[in-house]
Amino acid sequence: MPSTPTGTRVRGGGTGRREGGGPDSSYPPPSRCLFKPPRMRITKRPVAALCLSVLSSAHSAARRPRQRTSASRPFFSSYSSFPRRVSSRSVGSRSMVDVGIDEKGEGIESGHCDQGRHIWSSPGCGLETAMEKQIFCNRSLNMKNIIAVGFDMDYTLAQYKSETFESLAYDGTIKKLVRNLGYPPELLEWTFDWKYMVRGLVLDKKRGNILKMDRHKYVKVAYHGFKEMSKEDKIATYGNTLIRDSFDEPDYALVDTLFSLGEAYLFAQLVDFMDSNPGKVPSGKDYGCMYKDVRAAVDLCHRDGTLKQMVAKDPGRYINKDSRIVPMLKMLRDSHRSTFLVTNSSKPGFFHEENRANLFEVEPESGMLLNTDNGTLIPQVGGTSPRLPPKPLKKVCRVFQGGNVAHLHKLLSIGASSQVLYVGDHIYGDILRSKKVLGWRTMLVVPELEEEVKLLRKNMDFRKMLRQLRREQDLVEDKLHRLKWTLRFEDPEIDRKLHLSSELHQLELQRENVRHLHHDAQREYHQMFHKVWGQLMKTGFQNSRFAHQVERFACLYTSQVTNLSLYSPDKYYRPSEDFMPHEFDILGL
């Protein structure tokens with residue numbers, strides 16, 4: 001979804017949808033060059049926006065591709081040279097920012113000049129970082145080796161208010177289903193519970209089920225619509241699913257981004273509605289068709305400007321304003337690193353060097369495209385010299401469309417992919433692709449982590465009690481097995497046999513009691529985090545599938561992008577020690 005970046009106003013010809021959900025964007029962080037071009041006349045088709053804001057030197061950047069769009073070539077831009085004051089208002093689902101840089105390079109927001117307090121080296125900043133603000137490390141990363149830090153926009157630099165923005169998207173999707181796809185008008189009376197769904201779930205399109213599984217892909221929690229599936233039904237349906245690639249597209253949909261929560265909730269509503277009112281659903285629809293209709297309706301909302309117009313009228317209602325972003329970016333700039341914003345709705349081809357798409361420079365004033373050779377202007381067709389913009393721009397104030405990641409690396413002067421740290425919120429669209437395809441280092445933003453960490457600390461004693469109940473259950477079962485063995489094979493005397501049988505009966509009662517206590521306590525602990533889905537990173541005692549993905553693909557992970565400002569830009573991040581099961585009791589863990 002297009003937006004107004006700080007110090008920049010760039011509008012494309014349309015919008016697309018990111019992988020896993022969410023509009024596209026063209027919102028760079030506060031930049032050093034101020035220009036306000038009018039509407040860009042690049043193409044009438046949806047434009048993929050790849051925007052870069054550089055705070056130190058002349059560089060450019062690219063944005064990940066997004067799913068299910070008909071977007072044209074990606075485009076990106078670079079900026080430098082801080083003005084004294086930069087003001088911005090968002091267009092679409094982007095943050096409303098009213099921040100700038102004064103002559104000392106300090107941040108200004110709403111008349112205050114104290115943003116420097118938000119960086120690690122500022123006087124008064126604590127040496128200890130609260131657990132919920134810490135950056136957690138899966139793979140060693142020495143920031144001294146990083147020369148460029150890139151950022152995603154949605155739910156990374158721009159933190160949406162889920163209760164308002166996702167409700168807005170949900171309402172728009174409902175209207176499209178009714179008015180464009182023939183669903184009954186009574187759907188317009190439905191409401192959205194934005195707290196119900198969580199990330200890491202999997203939608204079974206064919207069966208109408210919503211699943212949560214552990215890292216081994218065993219289904220631990222399953223609902224049909226909003227009705228919990230019995231243990232027997234769950235095992236009968238998914239108990240024998242051991243294929244490694246199961247639970248993936250096209251039969252399943254992954255709820256791996258916060259933008260997907262609304263459509264997952266709507267899908268569950270439609271499943272229940274179809275089960276109760278089969279005659280009211282458009283003819284020939286099954287669960288899978290309804291999911292496709294939801295996706296189509298979501299895309300319509302992003303393409304026709306429904307969301308953009310509402311958010312533009314009142315950005316503060318939908319976007320959280322974070323005064324720590326400017327100090328963080330300035331800190332990275334002062335550490336001699338390039339920073340860039342990557343935002344687009346382009347196809348995955350941009351991230352492959354074999355993609356031969358031409359790179360064009362955009363003339364900001366007119367929106368015209370200029371021919372380039374790897375970023376260097378060349379004559380237009382029929383001309384003998386490069387066409388220059390009507391108004392001279394500073395050296396690095398350049399906007400590009402098309403190209404591929406090789407152009408990006410050249411413009412950023414990147415010698416090795418591992419010199420880039422990319423920060424985003426989407427496991428597949430941001431982290432997996434940039435890690436596996438490009439070889440970039442990665443940091444995943446998990447906004448839900450902040451609350452989860454607080455709950456973990458609050459309920460530490462409860463979790464210890466669960467572990468103790470589990471050990472007690474193991475001890476009782478071991479005694480039972482020994483007694484049963486004795487009665488079966490040792491043929492004790494009649495009196496001793498009667499005594500052992502009585503003891504066996506008591507142990508069986510004790511086992512059932514401990515089992516019920518553990519089961520009830522486990523469910524209570526589960527509901528402390530979420531009444532339906534439990535802890536984000538766990539399913540019982542196992543890591544959830546979402547946690548497994550975080551561990552596999554994110555070098556670092558944290559709750560907010562601005563947590564970067566709480567650490568030295570030259571920090572060496574080291575992972576915690578791994579433990580095997582046999583080490584826990586020995587080390588007293």
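I began with the surface: the protein exposes about 27200 Å², and carbon and sulfur atoms supply 50% of that area. I note here that the model is predicted. Next I looked up burial, and 55% of the 589 residues count as buried.

I then listed the secondary structure, which comes to 14 helices and 24 strands. For contacts with a separation of 6 or more, I found that residues 24 or more positions apart account for 77%.

**Helix α1**

I turned to α1, residues 162-181. This helix is mostly covered, with 14 of its 20 residues buried. I checked what comes after α1 and found Gly182, which has a positive phi near 80°.

Two packed helices are described by the angle between their axes and the distance between the axes. I looked up both for α1 and α5 (residues 306-313): the angle is about 145° and the axes lie 10 Å apart. I recorded the crossing of this pair as right-handed.

Which residues meet where α1 and α5 are in contact? From α1 I noted Phe165, Leu168, Ala169 and Lys176, and from α5 Thr306, Leu307, Met310 and Val311. I sorted the residues of this contact into six nonpolar, one polar and one charged.

**Met197**

I moved on to the loop between α1 and β8 (201-204), where Met197 is found. Is Met197 buried or exposed? I count Met197 as buried because its relative accessible area is 4%, under the 20% cut-off.

I looked up its neighbours, leaving out residues up to four places away in sequence: Met197 touches Ile210, Leu261, Ala264, Tyr265, Ala268 and Trp533. I also took one C-alpha to C-alpha distance, from Met197 to Leu258, and got 9.3 Å for a pair 61 residues apart in sequence.

**The five-stranded sheet**

I traced an open sheet of five strands with antiparallel pairing, in the order β11-β10-β9-β8-β12. I marked β11 (227-228) and β12 (252-255) as the edge strands, since each of them pairs on one side only.

I checked the two sides of β15 (residues 359-362) and found both faces covered. Leu359 and Glu361 are buried on one side, and Phe360 and Val362 are buried on the other.

I looked up its pairing with β16 (residues 369-373): the strands run antiparallel and are joined by three bridges. Val362 stands opposite Leu369 in β16. What do β15 and β16 form? I have them down as a hairpin with six residues between the strands, and in the turn Gly367 has a positive phi of about 80°.

**Helix α10**

I ended with α10 (residues 449-458), where I found Leu449, Glu450, Glu452, Val453 and Leu455 buried. An α-helix has 3.6 residues a turn, so residues three or four places apart point the same way. Which elements do the buried residues of α10 pack against? I found β4 (136-137), α12 (494-529) and β23 (556-558).

Notes. Residues are numbered from 1 along each chain as its sequence is written. This is a predicted model: local features need pLDDT of at least 70, side-chain atom pairs count only at pLDDT 80 or more; totals for chains, interfaces and linings use all residues. Side-chain values use heavy atoms; hydrogens and water are left out. Helices (H or I, at least four residues) and strands (E, at least two) are DSSP runs, numbered from the N terminus. Buried means under 20% relative accessible area, exposed over 50%, partly exposed in between (1.4 Å probe, protein chains only). Contact means heavy atoms within 4.5 Å. Accessible areas come from the Shrake-Rupley method with a 1.4 Å probe; for residues, only the protein chains shown count as cover. Axes are lines fitted to C-alpha atoms, for helices over the stretch in contact, and angles run from 0 to 180 degrees between N-to-C directions. A crossing is left-handed if the near helix is turned anticlockwise from the far one by less than a right angle, and right-handed if clockwise. Ala, Val, Leu, Ile, Met, Phe, Trp, Tyr, Cys and Pro count as nonpolar, Asp, Glu, Lys and Arg as charged, and the others, Gly among them, as polar. Two strands pair if DSSP finds at least two bridges between them.
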